[in-house]
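Please keep the sequence and the model in view while reading.

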Amino acid sequence: LEEKTYELNKKLDGVLSHSLGYGHNAAADHITFSYETTQVPRIVTLWQARYPFGHSLLQASTRAVPHEQVEIPISIKVNERALQIAVDSVSEAMELYFELNERYPKDIQDNMYVTPIGLLTNNSLTSSARGLWQMFTDSKYNFIPNCIKRTSDAVYNLMYRFYPFAFKEWKSNYLSLMFHPTGTDFLAPYTNKEKYFSKYSDRKNNPELYLSPERPVILLEKPSGDPSVILERFDNDLTHPLFHSGINLFQHKLAARIDISIMHQMIRHRTIPQNYEPFIEAAMRIKEAFKKGELIEDHFVFPPTLETEHENLKKSYLKSLNAFIKLIKEENIPPQEALFVLPHGMVLQLEFVLDGWGAMHFTNERLCITAKPGAREFAKNVRKVVKEAGSSLFELMAPKCEHLNYCPEGKKK
């Protein structure tokens with residue numbers, strides 16, 4: 001058995017070496033590792049889940065994990081004034097979160113809007129060697145938070161122990177990784193994205209593109225054809241091969257305002273191309289908007305379930321945003337480290353593309369009554385815009401139970 005195992009590994013190494021040596025990385029997709037990252041900031045989860053290829057991720061449910069700890073980066077800890085600013089902001093936000101959980105125990109998902117994105121959680125992942133190379137390479141950019149660098153290094157070193165050959169090869173192949181989608185775009189500061197997304201917050205010069213709480217989703221482009229013929233064949237018959245029928249060729253491009261908490265939900269739909277306004281630019285944009293007299297309600301989430309807590313939420317959001325600004329302006333903390341104090345309720349701008357499959361899968365999950373209330377409301381708004389555009393794709397956009405004629409969530413109703 002040992003001899004056969006040795007020969008098998010030798011052949012595998014030979015195949016891998018030949019494949020990688022000639023620039024075709026397909027073999028790297030077949031070497032997979034399953035692992036867990038425990039007590040990492042939720043921003044690490046966002047980064048890990050953002051990769052469309054080579055990774056699968058399961059985050060522990062917010063209802064199951066006792067969210068009690070928050071990451072404070074080393075660059076803040078070594079600066080006494082910066083540490084005091086961060087601790088004051090984070091402590092007040094977490095105290096409010098615990099109070100809300102006591103008063104509204106059934107609304108824990110909405111209560112989380114006030115928590116900072118440095119909140120710690122647990123993840124289970126399966127990654128290919130190529131996927132790990134991509135994450136490891138991306139983590140070396142200067143604008144990446146140190147917690148992501150540490151997580152990436154720890155995962156890479158762990159996997160190297162199990163299969164060193166596969167991870168030696170990445171050094172000669174890392175340049176080819178630039179041709180694969182990256183997961184770092186929402187972290188990148190000071191890019192042209194600031195100008196790109198500014199059209200969605202310019203009410204004066206771009207009223208037709210302006211996103212607001214009253215108009216959270218807009219249609220940018222709709223498909224040239226009509227998918228109604230394909231949908232007629234589907235006719236609620238799940239045995240019909242709908243997803244082999246070309247339904248994915250009918251694409252709608254949309255823009256939306258979305259909070260960081262819902263972003264955690266949205267990025268799991270990896271078949272949906274998504275482009276986010278970077279966190280740092282969003283925070284700076286919001287700060288400038290306040291100077292112009294815009295309301296905080298236009299830039300942070302105030303869920304209906306917490307209507308009586310409006311002033312408490314407002315106070316917490318403002319303190320978190322001001323702490324972020326102070327850390328980078330007064331204490332010279334790198335923006336990618338200061339963003340840990342920003343709350344999950346902060347609103348970003350987003351562009352995304354929905355084809356027939358993406359539209360169906362997205363709403364199957366997010367229109368379910370068990371989904372996060374904010375995510376369900378977002379999915380309703382997306383469906384409304386698609387319907388108003390005259391597209392018959394909206395017929396697919398329903399919770400799973402409407403297609404299956406039973407509830408797949410068991411006893412939940």
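G358 is found in helix α15, where helices (H or I, at least four residues) and strands (E, at least two) are DSSP runs numbered from the N terminus. With a relative accessibility of 1%, G358 counts as buried, a term that means under 20% relative accessible area, while exposed means over 50% and partly exposed lies in between (1.4 Å probe, protein chains only). Leaving out residues up to four places away in sequence, G358 touches T271 and I272, contact being defined as heavy atoms within 4.5 Å. T271 is 87 residues from G358 in sequence, yet their C-alpha atoms are 6.2 Å apart in space.

The model is a predicted one, in which local features need pLDDT of at least 70 and side-chain atom pairs count only at pLDDT 80 or more, whereas totals for chains, interfaces and linings use all residues. Residues are numbered from 1 along each chain as its sequence is written, and side-chain values use heavy atoms, with hydrogens and water left out.

**Helix packing**

Two packed helices are described by the angle between their axes and the distance between the axes. Here the axes are lines fitted to C-alpha atoms, for helices over the stretch in contact, and the angles run from 0 to 180 degrees between N-to-C directions. Two helix pairs are set out below.

| Helix pair | Angle | Axis distance |
|---|---|---|
| α6 (residues 129-138) and α7 (residues 146-162) | about 145 degrees | 9 Å |
| α15 (residues 356-366) and α16 (residues 373-388) | about 145 degrees | 9 Å |

α15 passes α16 in a left-handed crossing, meaning that the near helix is turned anticlockwise from the far one by less than a right angle, with clockwise giving a right-handed crossing. On the α15 side the contact is made by F362, T363 and R366, and on the α16 side by A375, R376, F378, A379 and V382. The residues of this contact of α15 with α16 divide into five nonpolar, one polar and two charged, where Ala, Val, Leu, Ile, Met, Phe, Trp, Tyr, Cys and Pro count as nonpolar, Asp, Glu, Lys and Arg as charged, and the others, Gly among them, as polar.

The crossing of α6 and α7 is also left-handed. In this pair, L132, M135 and F136 of α6 meet S152, D153, V155, Y156 and M159 of α7, and the residues of the contact comprise six nonpolar, one polar and one charged.

**Cores and overall make-up**

The protein contains 17 helices and seven strands, and buried residues make up 53% of its 413 residues. Of the contacts with a separation of 6 or more, 78% join residues 24 or more positions apart. The accessible surface comes to about 20400 Å², with 53% of that area belonging to carbon and sulfur atoms, as computed by the Shrake-Rupley method with a 1.4 Å probe.

The largest nonpolar core has 104 residues, and I43, F324, F352 and F378 are those with the most contacts inside it; such a core is a set of buried Ala, Val, Leu, Ile, Met, Phe, Trp, Tyr and Cys residues joined through side-chain atoms within 4.5 Å. F324 touches I280, A283, M284, P335, A338, L339, V341 and L342, not counting residues up to four places away in sequence.

**Individual positions**

P343 is placed in the loop between α14 (335-338) and β7 (347-354), and at 0% relative accessibility P343 counts as buried. Beyond its neighbours within four places in sequence, the contacts of P343 include Y113, V114, T115, P116 and I117, as well as F300 and S320. From P343 to S320 the C-alpha distance is 6.6 Å, across 23 residues of sequence.

L120 lies in strand β3 (residues 120-128) and counts as buried at 10% relative accessibility. The C-alpha atoms of L120 and T38 are separated by 8.2 Å, although the two residues are 82 apart along the chain.

Most residues other than glycine have a negative phi. N332, in the loop between α13 (310-329) and α14, has a positive phi of about 60 degrees and is exposed, with a relative accessible area of 64%. N405, in the segment after α17 (400-404), has a positive phi of about 65 degrees and is exposed at 68% relative accessible area.
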